[in-house]
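Please look at the sequence and the model shown below.

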Amino acid sequence: MGSIGSEKLRFCIDRGGTFTDVYAEFPGQTEGHVMKLLSVDPSNYDDAPVEGIRRILEEYTGKKIPRSSKIPTENIEWIRMGTTVATNALLERKGERIALCVTEGYKDLLQIGNQARPNIFDLTVSKPSNLYEEVVEVEERVELVLDAEENPDSLPVVKGVSGEFVRVAKPLNEESLRPLLKGLLEKGISCLAVVLMHSYTYPQHEIAVEKLALSMGFRHVSLSSALTPMVRAVPRGLTASVDAYLTPVIKDYLSGFISKFDEGLGKVNVLFMQSDGGLAPESRFSGHKAVLSGPAGGVVGYSQTLFGIETDKPLIGFDMGGTSTDVSRYAGGYEQVLETQVAGAVIQAPQLDINTVAAGGGSKLKFQFGAFKVGPESVGAHPGPVCYRKGGELAVTDANLVLGNVIPDYFPSIFGPNEDQPLDVNATREEFKKLAGQINSYRKNQDPTTKDMSVEEIALGFVNVANETMCRPIRQLTEMKGHETRNHALACFGGAGPQHACAIARALGMKEVLIHRFCGILSAYGMGLADVVEEAQEPYSAIYCTESVQEASRREAKLLGQVKQKLQEQGFSEEDIKTETYLNLRYEGTDTAIMVKRQESDDASAFDYTTEFVKLFQREYGFKLQNRNILVCDIRVRGVGVTNILKPKAQNPVSGSPTSQCLCKVYFQSGWQDTPLFKLENLGCGHSIPGPAIIMNGNSTVIVEPNCRAMITKYGNIKIEIDSTSNKAKVSDKVADVVQLSIFNHRFMGIAEQMGRTLQRTSISTNIKERLDFSCALFDPDGGLVANAPHVPVHLGAMSSTVCWQLKYWGDNLNEGDVLVTNHPCAGGSHLPDITVITPVFDNGKLVFFVASRGHHAEIGGITPGSMPPFSKAIWEEGAAIKAFKLVEKGAFQEEGIVKLLQYPSSDDPAHKIPGTRRLQDNLSDLQAQIAANQRGIALIKELIEQYSLETVNAYMKYVQLNAEEAVREMLKSVAAKVSSPSSGEEADDSVTIEEEDYMDDGSAIHLKLTIDSKRGEAFFDFSSTSPEVYGNWNAPEAVTAAAVIYCLRCLVNVDIPLNQGCLAPVKIYIPLGSFLSPSDKAAVVGGNVLTSQRVTDVILTAFQACACSQGCMNNLTFGDDTFGYYETIGGGCGAGPTWDGTSGIQCHMTNTRMTDPEIFEQRYPVILHKFGLRENSGGAGVHRGGDGLVREIEFRRPVTVSILSERRVHAPRGLKGGKDGARGANYLITRDKRKIYLGGKNTIHVEGGETVVILTPGGGGFGSPL
């Protein structure tokens, strides 16, 4: 690779977690110098990048440079580096000791976050630890001034940065803050993260805190308003925490790095790679922009060397490492996101859109419940795979070794006690033989006539499953943005990626794989291709119109001047600076903003951002909103200092055939094949190599599969043409292929997930789009659940009864192009706001499967806004109730019919007219989004049928259900062995019986008699003795209890099994008709889904002795008037378990919906959120303590109707095994004259402006008797 002329050395360095890669350019040489060394090797050197530079300088100058002396810089022109220092500090929680400064009343804001659980089936609710040690609440408050609002306190109104008007309700109290900051310094904490309410538009208070802290001796202060001036306090605060936590660590590392060079380093251009793919000098390299430093180099590397040079197709970047794989996309411009999560920390800043999946060379291989499993656990670098000679476990690397994809002779001999032995093939084969015994024994039990699988077949099976695991995020990355995966080329790099490239490309329908000649060090090489980037951003809140465009242009000009000046200070001339301008736009009433880039045009002032916004919105979401204002949220500019440093150099074509080094045996789908091995350095432009073949590219092994062809391009890279034949699954009449079973589990689950993403993208309501209150699933032709993407647990398994009801109702009257809609509890529904849309799918006139989506509509009519009435006594009071209706009939949308059903709910009492939906257009839009989600699922299943045949897909729909059934049977057998209260009678040895009971706040009993057959692995859930239907709305349809049972079983299995009908096959549920768990079709049920479901879950889990009771409630709050409605569920305390404390302030069990950010809450609704935090000491005491509930204090700024629907206000969440009960919840109204009024658990009130509602949610029960 050549470059522009220079008399000095240039260094590109990627300091990774395991290895540090160095690419250096020598003056006058066309070929760069490559070096790879261990990132951490304290017995030999302190710092790998410094050591790499030292060794290369010694080689170049011929002079010895002792490690104890400073590195001379007279021969260095520039150094560019990406580093994982920040990422590792975040992963290992080894950052700086920091404290958080936050507005009074928000002490626990970042700990609560959006209140959703990371993994809904994890009873321990493991959350990443906080980055801060202490929290300081700052006496200050800024409030937004709403349109046409009176100013009761006559406080001065100020125009904020965003153009919104604010008033300082409480000025910053520096005198009260000073001693608190002093206390932090005395504890040894000298770094602060500051996030104050509405500082994105009014940063003055944050700036004053910074000034005070620095004057007192704090060494670093990260202001949320300076780092990411965008509305949303939680992600802004988390970003400030990450920055405060990491920046000092980075600064310490960089100063240490710089100190290793002589004083001439000041004349050397030293730059560092940021997460957005741009370079920054040391002084501007900060923590929140550093976490994707290394992966960003790889994206720059493949995009700048392959796109437009080797192919015109858009590229999918595929970087497979030891523990994870990074996936990205490039189509002529860097795809960026403004918010991402790394190591449990949310970061809001421009960064490349890089998706990481937990599958790599070190991913663990397991055979579990009759299926192959790869990851997500990793064997790590130590002990590593079996072949590393450290007593490790089988991993993907071992499978590749057995198959001949990894050649020990071409792999460094760095293993064994003296670190001089090669990879251990024999030990790996022995471990695979042991696993083969287990797998073949299982298969013989299933089908005695089956032929044993060989070690190689098993290893190949695991590689195929690993490939499917990595294909899933690639499909999501492309298709959720409206792109066809097959139209891309796969740009493959990283140590392990080229071994899997052909198989992954074929599975995705791609025809082309590109592997850069420096694929093993592409992240380092990318540093030399990157540009220097400066960004500036500020909030601007306005409706897009002529006036706001003029104001935006004025602000753009100011920000452009700032970034240009910063680049000019770094030595860039005007002609070397390119600028980009963006407006962050969204439709009014939605929360989905798109950063729209100004397109190049002759007349810049004539560019209409809205045209581009509508085009982007329609491509990504599939529709556009008519007659809806477009709002400006933010203005962003990006200045790029173009460097043009490394340039690819074309090679001269070579003649003659390539010569192989040797023949190796490699195992492919058809068996062992003699495969020639070539070295890339011996190949030249024009060489063509048919597969099978191996090309050794440094330490990277490129596998060219049979029927594929590799060519060396004019720039020395490898291009592989992929054949289009797909591997058909073999169908057995008796049993599933254990490998294909895992692959189909992935494919079915991936389809349900993509349906969910389509629904989230195409919906417009907050409930579905932001709170994620929806579920999507696919079903076999009998209505049996095949895969359910787990979004909201209360929907789990429940939709199967809905589909079965519709199938029975419509019978033969289902046609191609029909779409069904229902929400009635007696038709398998949960409660009326949850509307289910079902699409039957036909193949040649035969019904072959169903897809369905269920979403919570914020308004469906009924006696109160929000359709969650606390006092409903009959179903018709709760809104529109639809048992069966064809929303689409033979392809025609039945708008008139659905509008009539939604607007005119039927009433058994003609004297009482019940209001219809108050948000008809939102209902229609969301129903169309649900239809679109179903269509996505249909298209994906049809692709699957095209690939594998209808017979195969149908067979595996049954097989995945049998697989889940087996997992639940095994779990029930193990639980029966643990529970020590056998039933009396003859079958005492084979079954155990447990009885459990709990009460709703009105005294209604839920009684469970649970009998587990330990021999057969079956369970009988008998709810006899449960109270009858109640004259209230906490009656729960049978589908809700079934969902609670399937949720509890999945939590107890604690393995990633598919959620399908098989989970309930070993289970019998008896619910007495007429009980409040099986009410009549006239009964009110709105509370059953959100309250009773939680109590049923508590009863089941305490019967299994799994954990103490959680808050047992969803704390449903709705408020609104004729112009708007708002709905939220509020988290609480989780129950403690045998080995864990309950988690505080989080959604428990049957819900996992998100909480609206406090700033968005105050910006969009007439409220002031005075307090949102943990309810201290509300969790029950015990050996393990229950989680604390939450406190939410909301002042209303104008008259509204408020409804609260809650439980656990009378009966406390119970402890287990001697643990104490959690605190009961409570709801209060604080009137304007300061009276405190208890509201009970269920109430609807008319609240005046200036009145406050306070909600205290229950804590979780403790586990084990406290000392």
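The report takes the helices, then a sheet and a hairpin, then residues picked out one by one. The model is predicted.

**Helices**

Helix H1 covers residues 48–61 and has 14 residues.

Two packed helices are described by the angle between their axes and the distance between the axes. For helix H9 (residues 396–403) and helix H10 (residues 425–446), the axes come within 10 Å and cross at roughly 105°. Angles of 65 to 115 degrees count as roughly perpendicular, which means that H9 is roughly perpendicular to H10. On the H9 side, the contact is made by Asp398, Ala399, Leu401 and Val402. On the H10 side, Val425, Thr428, Arg429 and Phe432 take part. The residues of this contact between H9 and H10 comprise 5 nonpolar, 1 polar and 2 charged.

**An open sheet**

An open sheet is formed by 8 strands in the order S19-S16-S15-S22-S23-S35-S34-S31, with mixed pairing. Its edge strands are strand S19 (355–357) and strand S31 (688–690), each of which pairs on one side only. From one strand to the next, the twist averages 20°. Helix H12 (residues 497–507) packs on this sheet and touches strand S15 (315–320), strand S22 (489–493), strand S23 (512–515) and strand S35 (718–721). The direction of H12 makes about 165° with that of S22.

At one end of the strand order, S31 and strand S34 (residues 709–712) run antiparallel and are joined by 3 bridges. Pro690 has Arg709 in S34 as its bridge partner.

**A hairpin**

Strand S36 (residues 774–779) and strand S37 run antiparallel, joined by 4 bridges. Leu778 stands opposite Ala787 in S37. The hairpin of S36 and S37 has 5 residues between the strands, and Gly783 in this hairpin takes a positive phi near 90°. S37 (residues 785–789) is mostly covered, with 5 of its 5 residues buried.

**Backbone exceptions**

Most residues other than glycine have a negative phi, and most peptide bonds are trans. Which residue joins Pro692 through a cis peptide bond? It is Gly691, and omega is about 5°. Pro692 is placed in the loop between S31 and strand S32 (693–697).

His198 is not a glycine, yet its phi is positive, about 65°. His198 is placed in the loop between strand S11 (191–195) and helix H5 (204–216). Asn707 is not a glycine either, and its phi is positive, about 70°. Asn707 lies in the loop between strand S33 (700–704) and S34.

**Buried and exposed residues**

A residue counts as buried under 20% relative accessible area and as exposed over 50%.

| Residue | Relative accessible area | Class |
|---|---|---|
| His198 | 0% | His198 buried |
| Thr1118 | 2% | Thr1118 buried |
| Gln537 | 17% | Gln537 buried |
| Asn707 | 61% | Asn707 exposed |
| Lys211 | 66% | Lys211 exposed |

Thr1118 is placed in strand S47 (residues 1116–1120). Not counting residues up to four places away in sequence, Thr1118 touches Pro865, Gly866, Met868, Tyr1126, Tyr1127, Thr1201, Val1202 and Ser1203.

Gln537 lies in strand S24 (residues 532–543). Leaving aside neighbours within four places in sequence, the contacts of Gln537 are Pro229, Met230, Leu559, Met595, Asp634, Ile635 and Arg636.

Lys211 lies in helix H5. How many residues apart in sequence are Lys211 and Ala501? They are 290 residues apart in sequence, and 54 Å apart in space from C-alpha to C-alpha.

Definitions and conventions:
Residues are numbered from 1 along each chain as its sequence is written. This is a predicted model: local features need pLDDT of at least 70, side-chain atom pairs count only at pLDDT 80 or more; totals for chains, interfaces and linings use all residues. Side-chain values use heavy atoms; hydrogens and water are left out. Axes are lines fitted to C-alpha atoms, for helices over the stretch in contact, and angles run from 0 to 180 degrees between N-to-C directions. Helices (H or I, at least four residues) and strands (E, at least two) are DSSP runs, numbered from the N terminus. Angles under 35 degrees count as roughly parallel, over 145 as roughly antiparallel, 65 to 115 as roughly perpendicular and the rest as oblique. Contact means heavy atoms within 4.5 Å. Ala, Val, Leu, Ile, Met, Phe, Trp, Tyr, Cys and Pro count as nonpolar, Asp, Glu, Lys and Arg as charged, and the others, Gly among them, as polar. Two strands pair if DSSP finds at least two bridges between them. The expected span of a helix is 1.5 Å times one less than its number of residues. Buried means under 20% relative accessible area, exposed over 50%, partly exposed in between (1.4 Å probe, protein chains only).
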